[in-house]
Amino acid sequence: MKGEKTMPPIDERLNSVMLSIIRRRTPTADIGDFEKPIYDLDMDSLDVVDLSQALEKEFGVEADLERVSDCLTPSDIGSYFRELIGSS
């Protein structure tokens, strides 16, 4: 319908949420930094929890925090959430 808003694609939403959290610690971060280790982006375990909670809220899924904490890069976290979103 005309004027109806559509949701951005999943990857766009995922990247937007992830960048909003990552840029709290690394203001110049971009999608190319998703392959860097989380700790090289000056993120700590609380930032990872914040990121997980923000993604859970955005996509209406529930993550296993232990599995999220095993992720080494933002890209790993994104892959895990894509699995969750695909199975919800």
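# A tour starting from the α1–α2 loop

Select Asp 42, which lies in the loop joining α1 (10–22) to α2 (45–59). Helices here are DSSP runs of H or I with at least four residues, strands are runs of E with at least two, and both are numbered from the N terminus. The model is a predicted one: local features need pLDDT of at least 70 and side-chain atom pairs count only at pLDDT 80 or more, while totals for chains, interfaces and linings use all residues. Residues are numbered from 1 along each chain as its sequence is written, and side-chain values use heavy atoms, with hydrogens and water left out.

Stay on Asp 42 and check its backbone. Its phi is near 65°, a positive value in a residue that is not glycine. Most residues other than glycine have a negative phi.

**The whole chain**

Zoom out. The chain has four helices and zero strands. Read along the sequence, the pattern is α-α-α-α. Now colour by accessibility. Of the 88 residues, 40% count as buried. Buried means under 20% relative accessible area, exposed means over 50%, and partly exposed lies in between (1.4 Å probe, protein chains only).

**α1 against α2**

Select both helices. How do the axes of α1 and α2 cross? They come within 9 Å and cross at roughly 150°. That makes α1 roughly antiparallel to α2. Axes are lines fitted to C-alpha atoms, for helices over the stretch in contact, and angles between N-to-C directions run from 0 to 180 degrees. Angles over 145 degrees count as roughly antiparallel, under 35 as roughly parallel, 65 to 115 as roughly perpendicular, and the rest as oblique.

The crossing of α1 and α2 is right-handed. In a right-handed crossing the near helix is turned clockwise from the far one by less than a right angle; anticlockwise makes it left-handed. Show the side chains that make the contact. On α1 they include Ile 10, Leu 14 and Ile 21; on α2 they include Asp 50, Ala 54 and Phe 59.

Now pick Val 17, in helix α1. Val 17 is buried, with 12% relative accessible area. Which residues does Val 17 touch, not counting those up to four places away in sequence? They are Leu 51, Ala 54, Leu 55 and Glu 58. Draw a distance from Val 17 to Leu 55. Their C-alpha atoms are 6.6 Å apart, although 38 residues separate them along the chain.

**The salt bridges**

The structure holds seven salt bridges. Each is a side-chain nitrogen of Lys or Arg within 4 Å of a carboxyl oxygen of Asp or Glu.

Start with Arg 82 and Asp 11, whose side chains meet at 2.7 Å, N to O. Arg 82 sits in helix α4 (residues 74–87) and Asp 11 in helix α1, so this pair ties together parts 71 residues apart in sequence. Arg 82 is partly exposed at 35% relative accessibility. Asp 11 is partly exposed too, at 39%.

Move to Arg 13 and Glu 58, a salt bridge of 2.8 Å, N to O. Arg 13 is in helix α1 and Glu 58 in helix α2, 45 residues apart. Is Arg 13 buried or exposed? Arg 13 is buried, at 15% relative accessible area. Glu 58 is partly exposed, at 31%.

Then find Arg 67 and Glu 83, with closest N and O atoms 3.1 Å apart in a salt bridge. Arg 67 lies in helix α3 (residues 65–69) and Glu 83 in helix α4, so the pair joins parts 16 residues apart in sequence. Arg 67 is partly exposed at 38%, and Glu 83 is partly exposed at 45%.

Also select Arg 25, Asp 44 and Asp 47. A network of salt bridges links them.

**A charge without a partner**

Go to Glu 56, in helix α2. Glu 56 is buried yet has no salt bridge; Lys 57, the nearest side chain of opposite charge, is 11 Å away. For charge, Lys and Arg count as positive and Asp and Glu as negative, with His and the chain ends not counted. Leaving aside neighbours within four places in sequence, Glu 56 is in contact with Val 61, Glu 62, Ala 63 and Phe 81.

**Last stop**

Return to the loop between α1 and α2 and select Gly 32. Gly 32 counts as exposed, at 57% relative accessibility. Gly 32 and Ser 75 are 43 residues apart in sequence and 9.6 Å apart in space, C-alpha to C-alpha.

Note on methods. Contact = heavy atoms within 4.5 Å.
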